[in-house]
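Reader: I'm new to this one and would like to know what the labels rest on. Could you show it to me first?

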Amino acid sequence: MTSHQPYQTITHYKVSLTIPDDETTEVIIKTKSAGVCFATSPDDALNQTNTENEYSKQSYASYIMSYVRDNLWNIDVADTNLTYTDEPTIKLMTQEELKDFQREVVSLNGF
């Protein structure tokens, strides 16, 4: 008879999404959770955790999104970290592109 023992499990998550109607903005949320698994060995615990994770992706994503939505308003912008990830892209604009850009900015600001 094999003896089951408690193993701590720590699962790391990364949820990424794009905002509807804004294909340029990607939000990435990284987090982790801890749990307990009763298994016969570390490999057994890992297999159980991997199986559970495979069938729980949507529920974990839903929980994480709800948690972030409920807590986002409590975050002070001074506690955030913005990192530039690449060199700026510079492109000469035509007059028509400039007018289109100006119209888009005004439209996005509700005018």
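Author: Exposed means over 50% relative accessible area, buried under 20% and partly exposed in between, with a 1.4 Å probe and protein chains only. Bear in mind that this is a predicted model, in which local features need pLDDT of at least 70 and side-chain atom pairs count only at pLDDT 80 or more, while totals for chains, interfaces and linings use all residues. Residues are numbered from 1 along each chain as its sequence is written, and side-chain values use heavy atoms, leaving out hydrogens and water.

Reader: Which residues of α1 are buried, then?

Author: Ala-45, Thr-49 and Asn-53. They sit on the same side of α1, because they cover an arc of only 65° around the axis, the arc being taken from the directions from the helix axis to the C-beta atoms. Covering the buried residues of α1 are, among others, β1, β2 and α2.

Reader: How do you know that the span of helix α1 agrees with what it should be?

Author: Helices (H or I, at least four residues) and strands (E, at least two) are DSSP runs, numbered from the N terminus. The expected span is 1.5 Å times one less than the number of residues. For the 13 residues of α1 (residues 42-54) that gives 18 Å, and the end C-alpha atoms are 18 Å apart, so the two agree. Helix α3 (residues 95-108) passes too: its 14 residues should span 20 Å, and its end C-alpha atoms are 20 Å apart. Just after α3, Gly-110 has a positive phi of about 85°.

Reader: Why does Thr-9 count as buried?

Author: Its relative accessibility is 15%, so Thr-9 falls under the limit and counts as buried. Thr-9 belongs to strand β1 (residues 5-19). Setting aside residues up to four places away in sequence, Thr-9 touches Ser-33, Ala-34, Gly-35, Val-36, Cys-37 and Thr-49; contact means heavy atoms within 4.5 Å.

Reader: And what makes Pro-6 exposed?

Author: Pro-6 has a relative accessible area of 57%, so it is exposed. Pro-6 is also in strand β1, and beyond its neighbours within four places it contacts Val-36, Cys-37 and Phe-38.

Reader: What is the phi of Asp-21?

Author: Positive, about 65°, although Asp-21 is not a glycine. Most residues other than glycine have a negative phi. Asp-21 lies in the loop between β1 and β2, and its 83% relative accessibility makes it exposed.

Reader: How much space lies in the largest pocket?

Author: About 480 Å³. Of its 14 lining residues, Val-27, Ile-29, Val-68, Leu-72 and Ile-75 are the closest to the centre. The elements giving two or more residues to that lining are β1, β2 (22-39) and α2 (57-71). A pocket, on a 1 Å grid over the protein atoms alone, is an open set of points where a 1.4 Å probe fits, with protein on both sides within 12 Å along at least five of seven lines; lining residues have an atom within 4 Å of a point. The volume is the space filled by probe spheres set on the points.

Reader: Which element gives the most to the lining of the second largest pocket?

Author: α2, with five residues. The second largest pocket has a volume of about 170 Å³, and its lining includes Tyr-60, Tyr-63 and Tyr-67.
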